[in-house]
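The following note sets out points for a colleague who is reviewing the model. Please read each point beside the coordinates.

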Amino acid sequence: MTYSAAALAGLGAPWVSIEPDHLASALSGRTTADHELIDWLEETSRKLTGLPTEQRQHTIKMMDAHLATVTDLIEGGRHSGTSTKRLHSLAASLSTTCGWYRFDQGRHYAAGKLWTAALHSSHATGDRDFGAGVLSDFAYQSNWLGQPNVSVDQLGHAITGTEHPTARSLLLLRRARAYAALGERSLCYRDLSEAETALSAQPVDAAPNWCSWMSPADLAVDSGQCLLDLGQIDEASAKMREGLSLLPKARDKTRGIFLTYQARGLLQSRDIEHALAVTEEALELARRIGAERCVAQVRDLAPSFKPYRQVAGVDDFIDKLRAA
């Protein structure tokens, strides 16, 4: 277990202020799920989902249990009005996070079930904006699984459901990725331009939590991946370097994915030594954070290295990938 004692203490401290049978009574329907209890559930959820990527792999069972508790309160507890809305919002957020963990493990059906539950919960609260975010997660998954046409359709629906510039930037960027995979050059460029304009806006309200991480780093690297798919290798490499330089250390999973994008571009440029170094870094990151999806993404690069076995280190790396 790599998360710190301080993090565990922070998660456990709120129990002191919760009466021993408070949660059990609410779950059984004997008492109402009051604001104090929901405050504690929300705060614990924030601490769990706020852990760095490397640590969240060790707390997924806690998040699963937390989601089960919230779901049980919704289904069997006594609540109404604001309390009901808060519980559904919490269920939507936790379902999304738990779904992403399954997605990172390559368990796509399980991820879809959780994201479907998140859609239902966001509908129950009337939060169309959050629902748009969940739809965009489905779209990301579709593109990842080689179905960019499905991704385009899903994102078309999602974009109509949100108004915040940061959210729109993310959705447009994801659709640009799908268009690039389809070879739709003009549509891809259109969405990239609109995504950049939206991200540079100065909105009055803060971005929704589900997309608050969206940044110029994401825009730059994903733009680079679009350009790579469209055959513009030099421009793609420049964008990816820019994005990686801007990405904060805490986002290691994203860094690992971005590094594999960069390695693919370097391979196409036949810069084999550099591609090898970048791919080894991506593999190390993927193993450390326990994301099978990222390991598989690195492993997919192995065939591209095989024509360059004469380059020092390539044979050893291919063996390492096979073992991974």
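1. The second largest pocket has a volume of about 400 Å³. A pocket here is an open set of points on a 1 Å grid over the protein atoms alone where a 1.4 Å probe fits, with protein on both sides within 12 Å along at least five of seven lines. Grid points are joined across faces, edges and corners, and the volume is the space filled by probe spheres set on the points.

2. This is a predicted model, in which local features need pLDDT of at least 70 and side-chain atom pairs count only at pLDDT 80 or more, while totals for chains, interfaces and linings use all residues. Residues are numbered from 1 along each chain as its sequence is written, and side-chain values use heavy atoms, with hydrogens and water left out.

3. The second largest pocket is lined by 20 residues, and N143, W144, R177, Y261 and Q297 lie nearest its centre; a lining residue has an atom within 4 Å of a point. Two or more lining residues come from each of α8 (128-144), α9 (148-159), α10 (165-182), α12 (216-229), α14 and α16 (292-299). Helix α8 gives the largest share, four residues. Helices are DSSP runs of H or I with at least four residues, numbered from the N terminus.

4. By class, the lining of this pocket comprises eight nonpolar, five polar and seven charged residues. Nonpolar covers Ala, Val, Leu, Ile, Met, Phe, Trp, Tyr, Cys and Pro; charged covers Asp, Glu, Lys and Arg; the others, Gly among them, count as polar.

5. Helix α14 (residues 252-268) has 17 residues and should span 24 Å, in agreement with the 24 Å between its end C-alpha atoms. The expected span is 1.5 Å times one less than the number of residues. Because 15 of its 17 residues are buried, α14 is largely enclosed by the rest of the structure. Buried means under 20% relative accessible area, exposed over 50%, and partly exposed in between (1.4 Å probe, protein chains only). R270, which follows α14, has a positive phi near 65°.

6. How many salt bridges does the structure hold? There are 14, each defined by a side-chain nitrogen of Lys or Arg within 4 Å of a carboxyl oxygen of Asp or Glu. One of them pairs R174 with D137 at 3.2 Å, N to O. This pair links distant parts of the chain, with R174 in helix α10 and D137 in helix α8, 37 residues apart. R174 is buried at 10% relative accessibility, and D137 is buried at 7%.

7. Another salt bridge joins the side chains of D191 and R175 at 2.6 Å, N to O. D191 belongs to helix α11 (residues 185-199) and R175 to helix α10, 16 residues apart. D191 is buried, with a relative accessible area of 0%, and R175 is buried at 13%.

8. R309 and D315 also form a salt bridge, their closest N and O atoms being 2.3 Å apart. R309 is partly exposed at 36% relative accessible area, and D315 is partly exposed at 34%. Elsewhere, salt bridges that share partners join D39, E42 and R86 into one network.

9. The structure holds zero disulfides, a disulfide being a pair of cysteine sulfur atoms within 2.5 Å. The cysteine sulfur nearest to that of C188 is in C226, 3.9 Å away, which is too far for a bond. C188 is buried at 0% relative accessible area, and C226 is buried at 0%.
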